[in-house]
Number of protein chains: 2
Amino acid sequence: MDDETAPQKGTVTQRAIERIKAMIGEGRLEPGQRLPTERDLAAQLGISRSSMREAIRALTVLGVLEARHGSGIYVTQLEAGDLLETFGVVADLSRGPRLVELLEIRRILESTATALAAARITPDQLAEVEKHLAAMNATDDPEEILAHDLAFHRVIAAAAGNETMAAILEGLSSRTFRARVWRGYQEEGAFTRTRREHAAIHRALAAHDPEAARAAAAAHVGEVEEWLRAQLGP
Amino acid sequence: MDDETAPQKGTVTQRAIERIKAMIGEGRLEPGQRLPTERDLAAQLGISRSSMREAIRALTVLGVLEARHGSGIYVTQLEAGDLLETFGVVADLSRGPRLVELLEIRRILESTATALAAARITPDQLAEVEKHLAAMNATDDPEEILAHDLAFHRVIAAAAGNETMAAILEGLSSRTFRARVWRGYQEEGAFTRTRREHAAIHRALAAHDPEAARAAAAAHVGEVEEWLRAQLGP
DNA sequence: GACGCATAGTGGTCCGACCACCCTGCTGGT
DNA sequence: ACCAGCAGGGTGGTCGGACCACTATGCGTC
């Protein structure tokens with residue numbers, strides 16, 4: 001075995017990325033822990049600081065590491081939000097048929113999350129849902145409506161009790177993604193329908209009726225899905 | 001307005017990443033297209049080649065760009081597989097309660113995908129499912145069983161017709177993730193139960209019975225989920 | 001004891017050089 | 001005329017060093 005001198009697979013930067021990921025996976029680096037300096041890390045792996053910086057940058061955008069200027073490099077808490085932020089990138093760069101696929105996934109997850117929320121939601125959380133519902137119906141500013149719409153679903157996802165699912169749904173509802181689809185959808189006077197659907201979701205949540213919540217959420221997303229499918233069609 | 005000279009938000013590298021992402025989002029860079037050279041790009045944005053390289057590396061690990069040594073930098077096809085490869089990183093670095101959450105998501109998506117597959121699967125695809133099913137039952141080598149198990153579900157996900165969902169499920173079944181959970185699960189003699197569940201899924205697919213397929217797949221993943229939940233509990 | 005400043009250490013940026021690889025076009029032969 | 005082989009230029013990959021911007025620590029001062 002000569003793994004001592006020449007592994008030599010791929011670029012050095014890629015190898016550095018794998019090495020650091022492995023350290024975290026093996027538990028040698030705990031969440032929140034501070035890493036050695038860039039210079040030390042580069043020396044340890046026998047590569048230049050430039051290459052090490054590229055590796056660190058890559059792991060930073062993946063949400064695994066966090067660099068604090070003047071302080072050091074730290075492992076993130078490795079929570080769902082940290083790691084799944086990149087999911088929003090997928091939504092932002094997707095177009096055409098893939099947008100429909102993403103909405104289909106959102107429909108599946110959102111309906112399940114809403115059903116779970118119906119069973120588990122607390123009075124406080126329900127009050128917050130109602131707050132955003134009221135705010136959404138009290139204004140005509142599309143920006144404000146969109147913001148409260150996002151918050152409405154975010155609270156519900158949080159109430160479902162699965163942080164990972166909430167993070168994914170957050171990515172699937174990222175500002176640019178929603179804005180792109182919402183614009184055209186709302187231009188067709190879908191406001192009243194949207195309000196009716198939101199009211200139905202809220203009713204199911206308040207009644208703690210999971211099946212009704214699932215149906216209402218699925219219909220809510222499904223409406224947009226159908227509209228988008230028609231847009232892309234002939 | 002002085003956005004001409006000093007946007008100055010975040011690091012220059014971060015800004016470069018956003019700029020390139022924006023170019024793709026606005027359609028100024030098409031999938032498969034070749035970018036200017038690192039040196040030219042750096043000059044265009046007024047930054048050093050080092051910083052530009054970090055930005056490119058970051059977008060490379062995100063699956064947005066692809067660098068070919070000696071040839072140039074290209075935009076990927078931006079397909080689900082390219083962009084969601086990073087989803088596997090999440091699965092690899094997750095532990096404890098988050099593993100259960102990931103399995104819960106996999107149960108939801110896998111059951112839906114299997115139901116869709118039951119309605120849409122072609123004879124050819126069904127034959128491939130049977131091939132892996134037979135191969136899985138014909139050996140005792142855990143490695144081989146795992147490989148055919150993965151392929152079994154991969155074919156089903158593909159038959160569901162949603163490439164994005166298939167890519168996510170692929171990430172949720174990545175080698176290291178499955179290996180870590182499967183090892184302990186199978187050590188408890190779950191082989192026969194797994195085989196029975198796989199047979200049930202195949203039966204539902206062959207009968208083109210979506211509801212039966214959904215139930216069988218949900219039970220299949222749910223078994224592992226329950227086992228893992230028990231492992232983590234007291 | 002609390003405040004403020006000097007200082008060492010860290011990540012952020014830039015530069016210039018060289019290497020490894022790919023592609024093209026030319027050259028030489030058949 | 002055609003094709004194989006080679007040589008060159010262009011590209012990403014790596015390296016080393018220098019300097020800047022920011023943070024945190026500790027010491028001195030009040």
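In this predicted model, A:R49 places a polar side-chain atom 3.3 Å from a base nitrogen of DNA strand D. A base oxygen of DNA strand D lies 3.2 Å from a polar side-chain atom of A:S50. Chain B contributes a backbone contact. Here a backbone N or O atom of B:E38 lies 3.1 Å from a phosphate oxygen of DNA strand D.

DNA strand D is surrounded by 26 residues. The closest are A:V12, A:S48, A:H69, B:R49 and B:R53. By class, the residues of this surface comprise four nonpolar, 13 polar and nine charged. Sugar or phosphate accounts for 63% of the atoms of DNA strand D within 4 Å of the protein. The rest belong to bases.

Several elements build the surface near DNA strand D, each with at least two residues. Chain A provides α1 (12-25) and α3 (49-61). Chain B provides α2 (38-45), α3 (49-61), β1 (65-68) and β2 (72-75).

The two protein chains superpose with an RMSD of 0.1 Å.

Chain A is assigned two segments: domain 1 (12-78) and domain 2 (83-232). Taken over C-alpha atoms, the centres of domain 1 and domain 2 of chain A are separated by 36 Å.

Key
Residues numbered from 1 in each chain as written. Chains lettered and ligands numbered in written order. Predicted model: local features only at pLDDT ≥ 70, side-chain atom pairs only at ≥ 80, totals over all residues. Heavy atoms only, no water. Near = heavy atom within 4 Å. Polar contact = N/O pair within 3.5 Å; in protein donor to acceptor, adjacent residues only side chain to side chain. Helix = DSSP H or I, 4+ residues; strand = E, 2+ residues; numbered from the N terminus. Nonpolar A, V, L, I, M, F, W, Y, C, P; charged D, E, K, R; others polar. Domains from an automatic or database assignment. Least-squares fit on C-alpha atoms with pLDDT ≥ 70 in both.
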